[in-house]
Amino acid sequence: MNLEQILEQVPELRGAARMTPLTKGFSSDRKYIVYDAADRPVYVVRTAEIGKEGAKRREFEVVGRAAAAGVRTPAPVAFFTLTEQQTCGMVLEHAGGTDAAEALPLLSSDEQYAAGVEAGRELRLLHTIGAPAEMQPWHRLREAKHRRQWQAYRECGVKLPAEEAVEAFIETHLPCMEGRPSGLQHDDFHPSNLLIAGGRYAAVIDFNRYDWGDPYHDFLKIAYFSREVSVSFSTGQIHGYFGGRAPDLFWTLYALYTAMILGGTITWTLQVVPEQLPSMMDRIRVVLEDHRNFESMVPVWYKE
């Protein structure tokens, strides 16, 4: 990728001084920070191969809808297609702040909790964006996806601890998804995709895995990532979302979605980052311990 060509051919970037790559994350997108003449970061550019243009335009529109709804996220500036370079991409405003996965451990427990409360409120605002009217019922889509993922897991050669208990729990509670509403899901809402500035929650970034479905599904990353970074933040996120105590149905679905993703987590790791399988299996064991092999809906770390 010729960065100079992007700066020259995208009108919104012609006054910029330089671009530098961003290497964090697992997305297949290429990401860059754009600096102005005073060497201040002003934009983030995400690029992909031109064959993904349709999907990336839809992602760009979703980010715009989120920003218009008042969600604190880098606002979209421009979408571009560079035919000769076989590249498409988007320009987003640069959001100040630090990766929450790095910033939260440096804050006090009360500050972590307060950041979580703000994150929960923002997530609830994000979920006010309704799904397309033509979308099929959530429970049918999610169960079909689960069946595909579970079959792939069974064929992958790696076995879950407490597999029978997990499968029995899922099968018993699948009907709980029926009648659930569908809205915009960030689908990767955890500290590595959140920003902290001045010791407070600042923004959510990286919508490249967005989806549509049950808003409660957006909480499952607490089980795998957020609670490892900060239990106080994770608790605050739940309290902020609900304005206090979470309803019992939330915990049932939180546990169900956490269990349903176990098989897919293993197969995704094998396909994308196989060298991280041992650490991912450690995370899975923690999830199983948190839920006592899904004898408990509410994880052991959570306290009112």
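Q: How many helices and strands does the chain have?
A: The chain has 10 helices and 10 strands, where helices (H or I, at least four residues) and strands (E, at least two) are DSSP runs numbered from the N terminus. This is a predicted model, so local features need pLDDT of at least 70 and side-chain atom pairs count only at pLDDT 80 or more, while totals for chains, interfaces and linings use all residues. Residues are numbered from 1 along each chain as its sequence is written, and side-chain values use heavy atoms, with hydrogens and water left out.

Q: What percentage of the residues count as buried?
A: 49% of the 304 residues, with buried meaning under 20% relative accessible area (1.4 Å probe, protein chains only).

Q: Switching to the sheet: what's the strand order?
A: Five strands make an open sheet, E1-E2-E3-E5-E4, with antiparallel pairing; two strands pair if DSSP finds at least two bridges between them. The edges are E1 (18-22) and E4 (76-82), each pairing on one side only.

Q: How many bridges hold E2 and E3 together?
A: Six, linking E2 (residues 30-35) to E3 (residues 41-49) in the antiparallel sense. The two form a hairpin with five residues between them, and Asp39 in the turn has a positive phi of about 65°.

Q: Which residue in E3 is the bridge partner of Tyr32?
A: Val45. On the E5 side, Val45 has Val91 as its bridge partner, and E3 and E5 are joined by seven bridges, running antiparallel.

Q: Which helix lies across E3, E4 and E5?
A: Helix H2 (residues 53-68), running at about 170° to E4. Axes are lines fitted to C-alpha atoms, for helices over the stretch in contact (heavy atoms within 4.5 Å), and angles run from 0 to 180 degrees between N-to-C directions.

Q: OK, at what angle do H9 and H10 pack?
A: H9 (residues 248-272) and H10 (residues 277-290) pack at about 175°, with axes 10 Å apart. That makes them roughly antiparallel, the label for angles over 145 degrees.

Q: Which residues make that contact?
A: On H9, they include Leu262 and Ile266; on H10, Met281 and Ile284 are among them.

Conventions: Angles under 35 degrees count as roughly parallel, over 145 as roughly antiparallel, 65 to 115 as roughly perpendicular and the rest as oblique. Buried means under 20% relative accessible area, exposed over 50%, partly exposed in between (1.4 Å probe, protein chains only).
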